Amino acid sequence: MPKQAEGEIPEELHENPHIARLLFQRGIKTRQEADMFFHPDLNQLHDPFLMKDMDKAVERLQRAVRDKERICVYGDYDVDGITAVALVYTFLENIVADPDVLGFFVPDRYLDGYGLSKRGIDYAHENEVSLMIVLDCGIKANEEVLYAKEKGIDVIVCDHHFAEGEIPQAYAVLDPKRNDCPYPYKDLSGCGVGLKLVWAYALKNGMDLRRHIYPLLDLAAMSIASDIVPILGENRVLSYFGLILINTKPRPGVFTLFNYANIKAYNPALNRNLPPPFARGSKDKRRVFDREITNSDLVFSLGPRINAAGRVQDGKNAVSLLLCRDLPSAQEKAKLINDNNNDRKNLDKEATEDAFALISKDLDDADRATTVVFKESWNQGIIGIVASRLIETYYRPTIVFTTTANGSEDTLVGSARSVKGFNIYEAISACGHLLEHYGGHKYAAGLTIKRENLEKFKDAFEEEVKNRLNGEELQREIEIDDELRFEEITQDLVDTIKNFAPFGPRNLNPIFASKHVKSANTPGSHGSRVVGNNHLKLLMFQPESRSEPLDGIAFQQGEAFEKISKGRSFDICYHLEENTFNGNTSIQLNIQDIYFPE
């Protein structure tokens, strides 16, 4: 069944009722809001000085730049932290009189763990740093901030996570999720908060935004995509313009990484029939890649490679790549990071196979509501990925443990992942008395535990999850946004759906359903058939619809062909997309699931 819209959809929202419904589901309730949604503009962004402590942060940064103080830009080792460091460092590098006063530090996943570390502060102290800008972490670093103050270092925190308890006694704490922060938009990424800091600095000092700020939007878009924050409001605007920048003027490090992901440079001789890389108002039509780069490419091609640097070797390598100014140096660094990613894949594959073997030996596993596995030899950097892999098969709250990278056999580190609708952080918190540390959010968390408490925790976590489920079973679901008749699927509808991009959390690529569909040809003809690796190519019609047959592709669903070929009626859910072949573009349904009514 399609999602139920809460409230009555205003008739004036859009002339097409299906588009109006999609807008309303995204919280857009007036024609003016719809116009803003379909026409992103940087003027839609909020004044950065609305953020609590922003005036203090800018004042302190101004003083540091004026007095040529040494500044250390510190950020987490994931994509959000790495892009945040690259963004703030790039901005400062362009305004300080002496680049030697600048440095950056990315914590080692194994030596430092998550967040602001004392080792990082010691590094800053040894290099005579007097100001640290801490990005994508720090909101819980009360002890570490005090340690920095003892060393004579002021700290500006730029975070986007929830504070639990007292705010750190830093010089300034920028975090829209602070209870006392009036900033209207709460869902910025960590890099987004860093962007707000340098944007405020530029405004305060009358700097040209086109020169100093707009070229940084690609980094913000990368962080938004990879950190799984909502693609609505300010994030949507930043993503939209960041993707334009990536498509038309990618930084050397991004260009080379995409080449390793088999997204190649545009070749006019080979790609002359390709449509423009983006639409909606951009005057710059220069094509760089052989196809349009989308949010999905940032999530699935770029993000894992940048993350791999911190998982396998050193996150600083990823920052250095993003700071590269020329292709030769970028190519050298990109090869190293791509090698890291290949190593990560091998470690991930081996650990996942080990985890499946452990689960298969557990006689009680079939009755469990959770998955908790542990092995000493697993690499700490990939256990979160393994947890996600296990959910793909077992679909239940999952925690993967291994020993800490510093060699301590007494302390284990775990990475937790959840399924839709279940708050794993709250379940872990209820078992917190058995843990040393934990942190995270609804769908992902990290934790450490004494080895002697692992079995107790495993039982307590299982019981807690079962209690919270209250007898319900966790099941995969595909949420349908709306139902369409084939005659309603027009080029105008497809073009308007494209204008909903960039897609991401709370602005997902819409999924439509159509019922009572049949194959439009007999078995063996050029229409419906199994192609490639068990993919189903379909030519379909609705008997009660006046439309021409439509093409569809259903990846990894070839087993449905036997029933379809016998003339059975079926229901489908799908994304609307376009398929270009031999220079011709046509509507195609990207089918997510097929259902045969009894």
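User: Where is Glu128 placed?

Analyst: Happy to start there. This is a predicted model, where local features need pLDDT of at least 70, side-chain atom pairs count only at pLDDT 80 or more, and totals for chains, interfaces and linings use all residues. Residues are numbered from 1 along each chain as its sequence is written, and side-chain values use heavy atoms, with hydrogens and water left out. Helices (H or I, at least four residues) and strands (E, at least two) are DSSP runs numbered from the N terminus, and the place of Glu128 is the loop between α5 (118–126) and β3 (131–135).

User: Is Glu128 buried or exposed?

Analyst: Buried means under 20% relative accessible area, exposed over 50%, and partly exposed in between (1.4 Å probe, protein chains only). Glu128 has a relative accessibility of 62%, so this residue counts as exposed.

User: What is the phi of Glu128?

Analyst: Most residues other than glycine have a negative phi. Glu128 is not a glycine, yet its phi is positive, at about 60°.

User: Tyr395 also has a phi worth a look; is Tyr395 buried or exposed?

Analyst: Phi of Tyr395 is near 50°, a positive value in a residue other than glycine. Tyr395 is found in the loop between α15 (383–394) and β7. Its relative accessibility is 15%, so Tyr395 counts as buried.

User: How many salt bridges does a search of the whole structure find?

Analyst: A salt bridge is a side-chain nitrogen of Lys or Arg within 4 Å of a carboxyl oxygen of Asp or Glu. With that rule, the search of the whole structure gives 35.

User: How many residues apart are Arg451 and Glu376?

Analyst: Arg451 and Glu376 form a salt bridge, with the closest N and O atoms 2.5 Å apart. The pair links distant parts of the chain: Arg451 is in the loop between β10 (444–450) and α17 (454–469), while Glu376 is in the loop between β6 (371–374) and α15, and the separation is 75 residues.

User: Which residue forms a salt bridge with Glu462?

Analyst: Glu462 is buried, because its relative accessibility is 7%. The closest N and O atoms are 3.3 Å apart, and the partner is Lys466.

User: What is the N to O distance between Arg468 and Glu464?

Analyst: Arg468 and Glu464 are four residues apart in helix α17, so about one helical turn separates them. Arg468 is partly exposed, with a relative accessible area of 38%. The side chains of Arg468 and Glu464 meet in a salt bridge, N to O, at 2.8 Å.

User: Which residues do salt bridges that share partners join into one network?

Analyst: Here the salt bridges share partners, which ties several residues together. The members of this one network are Glu15, Arg31 and Asp35.

User: Where is Glu409 placed?

Analyst: Glu409 is exposed, with a relative accessible area of 52%. The place of Glu409 is the loop between β7 (398–403) and β8 (411–417).
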